[in-house]
Each structure stands twice: as structure tokens, then as C-alpha cells.
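Biologist: Hello! Could you bring up the model so that we can go through it together?

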Amino acid sequence: MRRFFLFAFLNALLGVSGCHRTIWERYGEGLSLEIENRGGVPEAYTSYLSRDYAAYAPDPEHPGYTPFKRLRVNVHFVNSRDSSMNFNGQEGIEEGRRLIQNMNTLLHDNRKPYLPKGNTLPALPLRFDLQLTPRPDDPTDSTGIYFHYDDELYAYIAYGKDRNRSDRRVIDRYGVQLDTVLNIFVLGFHKDSLLSPTYKKTAVGIALGRALKINSWKHLGGGCWGSAKLSVHELGHILGLSHSWRGNDGCDDTPNHPNCWSCSEPPPCDSLCSNNVMDYNTYQNSWTPCQIGKVHYYFSSLNARQRRFLEPNWCHWDEQKTLILRDSVHWQSSRDLGGDVVVASGAVLYISRSRISMPPGGRIEVFPGGTLILEDCLLHNSCGKQWDGIFVAKSGKKTGKVIRRGDVRIVDVELKR
Ligand SMILES: [Zn+2]
């Protein structure tokens, strides 16, 4: 029923009315092999898939073209058995929530890059954030925040002969939903370290594939905000980004530089300081278009580890996520859409070298005078369900147009109506 009102509304909005009746037809119906409903992803599509990260960066004019993603996370406070080396109880729950809130504040507030000097790169929206995620089937787990008391594993020892930075035992012992939820482990300082008058307390962290480890801000001057910045840097590693001050990180918009801590240091730092999230600096508040694109490239790669952390919010049809295209758009990157796509009169949607997932029951509508160009692409449903296909409208002498080039597959279409 909702769809009927949407149709009526769009017809009025897009000027399809007057003396001609609008006739909608499903594209490919009646033509053999035009559409397939046998399901599954054809292997061939990966050969033409675009790996140009910049093509995956959100469009600032149309952020909805890159659907917002939520990454599932949980937080573990690992403490000594006497509970003195980390947060506990209600305070711990609030601190865990504060960490995720602060990380989200950073993810929602991307800044323009300082480097290269004089650049005109935009501060694009990241189009993802974090969601604390408890175990779904456990009524005793309402927070996704856990406390462990373990004298063997509570301490994060970053330096020296007992260092355990990359030790995964704490993850193996206490990890929760490791395949689908990014586990953030907050470890204490070692008691003996804090007793030593020469010990220098610094914030440290490491990304270990399915989890990240940081040390607790309970004993750090930078508080939760400093730890959130560090955690976002480690999150960047989890999402596939490399350090950007040296070597080649796969992005042209992250030049090499001396990796200064701040712009107030002596030359060359006054002119070559960076605020990039993947450098070591006091700001860590900037993601370049290519870095954001790289993150979304992995999010949209069906077999990528990063994709498994995402809440599959594209697996149900949502009217609010309808995309109405009114001008020319070229999608050269894969995406998982949560609503219908409407190609209005005069608009051209050109889809190439990509995989587009339409939501269950979703459809692409091409209005009279609108054009859909499909070139080397796969249109399917990535949730194992079926969508409605492409519908083309005719009104008087004006029709919607669909042009196909190269290897185009339209699968997972629900054929019975
Ligand atoms: Zn790093």
C-alpha cells in the first residue's frame, strides 16, 4: 500500500500526468535471458569491478548515494582481580559508552586535510559510524560492554622485555561475536609500571584484525577523548588504511611528510604538519576522499572482513531511502542500497564496473524521458532475497530508456507479481 502512494506522489512530482496514461513495464520481461532469478552471484562480475578508491568516495551533493553504514562494536575492560587497574560497574558502562560516543563525534566531524599545502580537497562525510552491539540472544547482555578480572592478562605492556602488544590471548579468551562485531579491548597499565617513578605513561593501541587493543584512560592524562582519537586511528587500520606519512598507502591524496606531532613545532613542522587520522599527530581529524573511498570499497566487497562488521541495514526495503535522480550520475563503484532508485525525466543514471544490491522488494524506476545505462555490472540482492527488477514507464510518445553494454547481469528478481 505504501508503494502505491509513493508511485502516485512521484507521478505528480515528476510531471507524469496530463492527457497520457502512464504504462509501466518491467524491463526484460518476455525476453529470454534478459533477467534471471536463479540467485547467487555470478563469478564473472569480479573481473570488471572498479578498484578505483576515489570512485567509492561519497558525493557531497548526494550523500545518500553512499548509504550510511553502522559498524557493530563492543567494549571490554580487562582489570586486575582486585579491580584497581581499570573501570568497573556503572562507571565502566558509562566510560565504555563515552568512548564510542567520542569516536562517533570524531567520525561525524571530518576536517579538510592540511597536506598537501594549498590543497582544495573537500572534507567529505564519512558515511559510517559505530553502534554498541550486545549479544542478540542474551537478555543479561544489554550493553555490549564487558568486564573481566584476570591478573595474567589485564595489562597492556607496550615496551620492554615483557611487552605484549600483539599478544592475542586476551582476544581469544574474552572475545564476543568476533566474526560480526569489532571487539575493543581496554587494558590496564601494569601495577609495577605505575609504581616505578621513571615510567612514562603514554596512550598506546594496536589493531589486530578482528579486534583492537588500547590502554585504559583511567590512568592517562588525555582522558577518554585522547583514547577515542587513538582508537579511531586503530579503527582506520582495521578498515584497511595504512600509515600515510611514508611509503605508498594506495592513495594519491596522502603525500609523504615528516610526521610532525603538531604545527607549532619548529620547521619543517610549521609548514609540513599533517592532521590526517592515519599519521601520528595531535589532531588526527582528517580522512581524505581516497581514504574514505577505500573504506567503502572494502565495505562493499562481498568477501571483505570489514563488511562482516556492518549491520546489514540494506536488507529491508525502506521508503525513506528512495533515491530520486534528476540529473546525470555515473556510479562506478559498488553499493548496497536500502530503497528504490527513481530515474526522473531528463536524468541519466550510468552504472558501470560495479555491483549494485537492491533491497528485497525494491525496484529501479525509469520515468518517461529518463535513461538508465548499464555497462559491465551486476544488479542483485546481497541478502539472499529477491528484488522487483527495473520498471520502465511510457507516457504518450515519451518512454524511459534502458541501454545495456558489455556483461550485464540482472539477477535475484522476483518474477511472479
Ligand atoms: Zn598506526
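Biologist: Which strand does Val 366 lie in?

Modeller: A caution to begin with: this is a predicted model, where local features need pLDDT of at least 70, side-chain atom pairs count only at pLDDT 80 or more, and totals for chains, interfaces and linings use all residues. Residues are numbered from 1 along each chain as its sequence is written. Strands here are DSSP runs of E with at least two residues, and helices are runs of H or I with at least four, numbered from the N terminus. Residues 363-366 form the strand that holds Val 366, namely β13.

Biologist: Does Val 366 count as buried or exposed?

Modeller: The test counts other C-beta atoms, placed from the backbone, within 10 Å: 20 or more is buried, 12 or fewer exposed, and in between partly exposed. Val 366 has 26 such neighbours, so Val 366 is buried.

Biologist: How do the axes of α2 and α5 cross: at what angle, and within what distance?

Modeller: Axes are lines fitted to C-alpha atoms, for helices over the stretch in contact, with angles from 0 to 180 degrees between N-to-C directions. For α2 (residues 89-107) and α5 (residues 223-238), the crossing is at roughly 60° and the axes come within 9 Å.

Biologist: Which orientation class do α2 and α5 fall into?

Modeller: Under 35 degrees is roughly parallel, over 145 roughly antiparallel, 65 to 115 roughly perpendicular, and the rest oblique. The angle of α2 to α5 is roughly 60°. Therefore the two helices, α2 and α5, are oblique.
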